Amino acid sequence: PGAHSYLDGVRFWNLKSPREYVRIVREIAAPSALDGRPVGELVGGMAAVERSETIDRRLEMAETLMMGLRLDTGVVSDEFTARFGESPSSIYGDVIDELTSVGLLDGADGCLRLTDRGRILGNEVFARFFL
């Protein structure tokens, strides 16, 4: 109940009520494959899914940075580039430079990581990628 997922550009989440979720899941059999249908169509037809939304590329990139920066390993620039065809610095260069210059972000070894100060002000850092 309430779990959020992301698949092929579509974010979706289940009903929040445990009772309602269990009731519906017991009544239906979840599909096991996409069967060539778009993810949004499949997700929209799942009874336990409360809502879904299509995520555009720009939002997906910002969320990838936000989620990666929450980890000790940070965001590996080469992995980001392999996924999106562009490096973080080619898209967010000015933001990265600014955050690095004020001591919130470190870009050593081909990885972007929050500094100790950046961890304290993480939400401020994350917000800059969504502007």
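## Close-up views of a predicted model

View 1. Helix 3 and helix 5 are roughly perpendicular to each other, a label for angles of 65 to 115 degrees. (Under 35 degrees counts as roughly parallel, over 145 as roughly antiparallel, and the rest as oblique.) Helix 3 spans residues 57-69 and helix 5 spans residues 88-101. Their packing angle is about 75 degrees, and their axes lie 12 Å apart. Axes are lines fitted to C-alpha atoms, for helices over the stretch in contact, and angles run from 0 to 180 degrees between N-to-C directions. Arg58, Met61, Ala62 and Leu65 make the contact from helix 3. Pro88, Ile91 and Tyr92 make it from helix 5. Contact means heavy atoms within 4.5 Å. Of these residues, six are nonpolar, none is polar and one is charged. Here Ala, Val, Leu, Ile, Met, Phe, Trp, Tyr, Cys and Pro count as nonpolar, Asp, Glu, Lys and Arg as charged, and the others, Gly among them, as polar.

The model is predicted: local features need pLDDT of at least 70, side-chain atom pairs count only at pLDDT 80 or more, and totals for chains, interfaces and linings use all residues. Residues are numbered from 1 along each chain as its sequence is written, and side-chain values use heavy atoms, with hydrogens and water left out.

View 2. Strands (E, at least two residues) and helices (H or I, at least four) are DSSP runs, numbered from the N terminus. Strand 4 (residues 75-76) joins strand 6 (residues 111-114) through two bridges. Two strands pair if DSSP finds at least two bridges between them. Val76 has Cys111 as its bridge partner. Strand 5 (residues 105-106) also pairs with strand 6 over two bridges. There, Asp106 partners Arg113. Four residues lie between strand 5 and strand 6 in their hairpin, where Asp109 takes a positive phi near 60 degrees.

**View 3. Leu105 sits in strand 5****.** Leu105 is buried, with a relative accessible area of 3%. Buried means under 20%, exposed over 50%, and partly exposed in between (1.4 Å probe, protein chains only). Leaving aside neighbours within four places in sequence, its contacts include Leu69, Ile96, Leu99, Leu112 and Phe129. Leu105 and Gly118 are 13 residues apart in sequence, yet 6.2 Å apart in space, C-alpha to C-alpha.

**View 4. Strand 1 and strand 2 form a hairpin****.** Strand 1 covers residues 4-7 and strand 2 covers residues 10-14. They pair in the antiparallel sense over four bridges. Leu7 has Val10 as its bridge partner. Two residues lie between the strands. In the turn, Asp8 has a positive phi of about 50 degrees.

**View 5. Arg11 of strand 2** **makes polar contacts with Glu53** **and Glu63****.** Arg11 is buried, with a relative accessible area of 18%. Its side chain makes a polar contact of 2.8 Å with the side chain of Glu53. Another polar contact, also 2.8 Å, joins the side chains of Arg11 and Glu63. A polar contact is a pair of N or O atoms within 3.5 Å; within protein, one must be able to donate a hydrogen and the other to accept it, and residues adjacent in sequence count only if both atoms are side-chain atoms.
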